[in-house]
Amino acid sequence: MNFQPTMKLRLLIIASGLAAGCLSCSHGVSQSDNSVDTISLKGEILIPYEHLWEPTRLFASDHRIFVLNSMSADTLFNEFTTSGLKVRNFLTKGSGPNEVTRMSSIYYNSANNSLCFTAPNKKLIQLNLSASQLTLSPIFELNPENGKDINAMAGHENWMFDNGLTVSSIASDKGYFGVFDKDGMFKRFAVDPIPADDFGGNASAGVKYNFLHPWGGMSADGRHAAWVMGQADMLVIANQSADSIIFSTNYVAPPKGIKFLSDEGEHFSFEYTDEQTTYFFGEPTVSDSHIYVQYIGMLNSDMRSYANDIINHQSEPKCEVRIYNFDGTLQRVLNLNCMYGSIAVSPDDKTLYIISEGPEDGINLRKFDLPDMTNHKPSN
């Protein structure tokens, strides 16, 4: 059965749902830069309303599009060709063999044509899409010989790089990420938390992590990853070297509009103020050469006005996508003629796909042909 929320409901989800080294190589620059090219693109509906189930996220290879359905669906993935033709449905929700109840940190890996994700047991799982029979195979888990604190904090979301190192999100006052070797042994923390004076004061690391949780994507070649950090205006980039992972950070602003009322360990209360701001929508998507981030940068009160204007046909839908290189330099800004939604970009930077919605078209998957990014440099 298709689940198609109304335009109004989807916009309210956007407006409210998102609000729920040292800063190594910190560039300290605004995410906005007037020196870069801004290009308006018009897309076309590739997969219409009636061919989608309960779409929530997208992933792309050179030849396929993978649509993740809501965890309320019985079958979790729909696979399409890049021309929009249905190939198959796969991966059943459940607790039996080769089934899953929940997934996080999902990404596509081109080395063996697989989807990878972290299961509730904290194991990183590989699903080989070329196999005659789809089987879930663990490829990483924390080593029990790690310290108790490390094993308790890490492992809920994992991204394995091509060199065999795995980056795991971690709720620690020593870093937002942990780096682990191929045997699951902890090597180091990465990306120090933002200064206490900027956000949270003396609140515990776990409490602040609720508002600075990383949402990430990984390149199909397994060499690069990028995360937006919760409700902060902060982009973290990781690039592999031969035997290490090098992190860099664009930190612009901490979470805004969050007032802590009390903090007793992991039990705390807070309220949102008029300064509450949403900077990003969803996770970045990472091609083999660039990072694509949906940027909002609005007070939540302005987002509600923006949503109402679109509902009442007083404004046209739009979505801003910012493109960065792996040094964290803003390269280009795209303005898409559709609503914000999960995006995926082909590894070769030629095509962007987005789950969007319109008052007449319902929820659909749109395709945008991207301008050539080869050797692109920002204009002066």
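C319 counts as buried, at 1% relative accessibility; here buried means under 20% relative accessible area, exposed over 50%, and partly exposed in between, with a 1.4 Å probe and protein chains only. The closest cysteine sulfur to that of C319 belongs to C338 and is 5.3 Å away, too far for a bond. A disulfide is a pair of cysteine sulfur atoms within 2.5 Å, and the structure holds zero disulfides. C116 is likewise buried, with a relative accessible area of 2%. The model is predicted, so local features need pLDDT of at least 70 and side-chain atom pairs count only at pLDDT 80 or more, while totals for chains, interfaces and linings use all residues. Residues are numbered from 1 along each chain as its sequence is written, and side-chain values use heavy atoms, with hydrogens and water left out.

In soluble globular proteins, nonpolar side chains tend to be buried together. A nonpolar core is a set of buried Ala, Val, Leu, Ile, Met, Phe, Trp, Tyr and Cys residues joined through side-chain atoms within 4.5 Å. The largest such core has 36 residues, and Y176, F177, W227, M234 and F247 have the most contacts inside it. At least two residues of this core come from each of β12 (158-160), β13 (166-172), β14 (175-180), β17 (224-229), β18 (233-240) and β19 (245-253). Strands of this kind are DSSP runs (E, at least two residues), as are helices (H or I, at least four), and both are numbered from the N terminus. The largest share of the core, four residues, is supplied by β14. A second, separate core of 22 residues includes C338, together with M303, Y306 and M339.

Charged side chains form a further set of contacts. A salt bridge is a side-chain nitrogen of Lys or Arg within 4 Å of a carboxyl oxygen of Asp or Glu, and a search of the whole structure finds five. One of them joins E283 and R57, at 3.6 Å from N to O. This pair links distant parts of the chain, with E283 in strand β22 (residues 277-286) and R57 in strand β3 (residues 55-60), 226 residues apart. R57 is buried, at a relative accessible area of 16%.

Another salt bridge joins D162 and R223, at 3.8 Å from N to O. D162 lies in the loop between β12 and β13 and R223 in the loop between β16 (214-218) and β17, so the pair ties together parts that are 61 residues apart in sequence. Both ends are partly exposed, D162 with a relative accessible area of 43% and R223 with 38%. Salt bridges that share partners also join R64, E79 and R88 into one network. Within it, the closest N and O atoms of E79 and R88 are 2.6 Å apart. E79 is buried, with a relative accessible area of 5%, whereas R88 is partly exposed, at 25%.

The last topic is open space. A pocket is an open set of points on a 1 Å grid over the protein atoms alone, where a 1.4 Å probe fits, with protein on both sides within 12 Å along at least five of seven lines; lining residues have an atom within 4 Å of a point. The second largest pocket holds about 310 Å³ of space, a volume being the space filled by probe spheres set on the points. It is lined by 16 residues, of which E316, P317, G358, P359 and E360 are the closest to its centre.
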